[in-house]
Amino acid sequence: MEKAKSHLSLTSEESKTVSQLEIPPHIIDVGPSFFEDFALRGIRVDRVEQGSIFCTFKVPPRLLDRNGDMAPGAIANLVDIVGNALIQKLDQPMNVSVNMSISYEASAKLDDELEVTSRPLGQKGSVAGTSVIISNKATGEVVAEGRHSLFRRHSRI
């Protein structure tokens, strides 16, 4: 337990930096929320094909962990958002994540350019599934592979 506490505690410099953040309240449907801006700023949709989305994301300093790797939570966020984007329909209620399974294969470092690809796995009733592969564009190495199940209240994909 002490090891976990020490790993999660902030240094005095980190604490000072966090205390200086000014985060205005989010107004729904008016620009991105703090979370969206922090976690997704810089993602680029390269192309959309029938049944697939291809994005590029350059790893920024704000998403690194203490070891200099892209934080696992930031990788999970890409699986969540890009997986959901594949099946989300305009003017429909937001899909709800039911389950995510992510295999972390390799690390991503600062300024690595990642390719994020989402493809459908299918749908049964109100649950749809997507597969998201995150790979290093320069090396082709798979950084993470995720499967994302979502509950949706509307028509088939």
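Ser-9 sits in the loop that joins α1 and α2; helices (H or I, at least four residues) and strands (E, at least two) are DSSP runs, numbered from the N terminus. The model is a predicted one, in which local features need pLDDT of at least 70 and side-chain atom pairs count only at pLDDT 80 or more, while totals for chains, interfaces and linings use all residues. Residues are numbered from 1 along each chain as its sequence is written, and side-chain values use heavy atoms, with hydrogens and water left out.

With a relative accessible area of 36%, Ser-9 is partly exposed. On this scale, buried means under 20% relative accessible area, exposed means over 50%, and partly exposed lies in between (1.4 Å probe, protein chains only). If neighbours within four places in sequence are left aside, Ser-9 is in contact with Glu-14 and Arg-66, where contact means heavy atoms within 4.5 Å.

## The largest pocket

Two elements give two or more residues to the lining, namely α1 (2–8) and α2 (12–19). The most comes from α2, with four residues. By type, the lining holds eight nonpolar, two polar and five charged residues. Here Ala, Val, Leu, Ile, Met, Phe, Trp, Tyr, Cys and Pro count as nonpolar, Asp, Glu, Lys and Arg as charged, and the others, Gly among them, as polar.

Rolling a probe the size of a water molecule over the atoms shows where empty space is left.

## The chain as a whole

The protein chain has four helices and six strands. Read from the N terminus, the order of elements is α-α-α-β-β-α-β-β-β-β. Of the 157 residues, 31% are buried. The chain exposes about 10,200 Å², and carbon and sulfur atoms supply 54% of that area; the areas come from the Shrake-Rupley method with a 1.4 Å probe. Among contacts between residues at least 6 apart in sequence, 61% join residues at least 24 apart.

## A network of salt bridges

The structure holds five salt bridges, each a side-chain nitrogen of Lys or Arg within 4 Å of a carboxyl oxygen of Asp or Glu. Arg-44, Asp-46, Glu-113 and Lys-137 are linked in a network of such bridges. Arg-44 pairs with Asp-46, with 2.9 Å between the closest N and O atoms. Arg-44 also pairs with Glu-113, where the closest N and O atoms are 3.8 Å apart. Since Arg-44 lies in strand β1 (residues 44–49) and Glu-113 in strand β4 (residues 113–124), this pair ties together parts that are 69 residues apart in sequence.

Another salt bridge joins the side chains of Lys-137 and Asp-46 (3.8 Å, N to O). Lys-137 is in the loop between β5 (127–136) and β6 (142–151) and Asp-46 is in strand β1, so the pair ties together parts that are 91 residues apart in sequence.

## Ile-134 in strand β5

Ile-134 belongs to strand β5. Ile-134 is buried, and its relative accessible area is 0%. Beyond its neighbours within four places in sequence, its contacts include Ile-75, Leu-78, Val-79, Leu-114 and Val-116. The C-alpha atoms of Ile-134 and Thr-117 are 6.5 Å apart, and the two residues are 17 apart in sequence.

## Asp-111 and its phi angle

Most residues other than glycine have a negative phi. Asp-111 has a positive phi, near 70°. Asp-111 is found in the loop between β3 (96–104) and β4. Its relative accessibility of 46% makes Asp-111 partly exposed.
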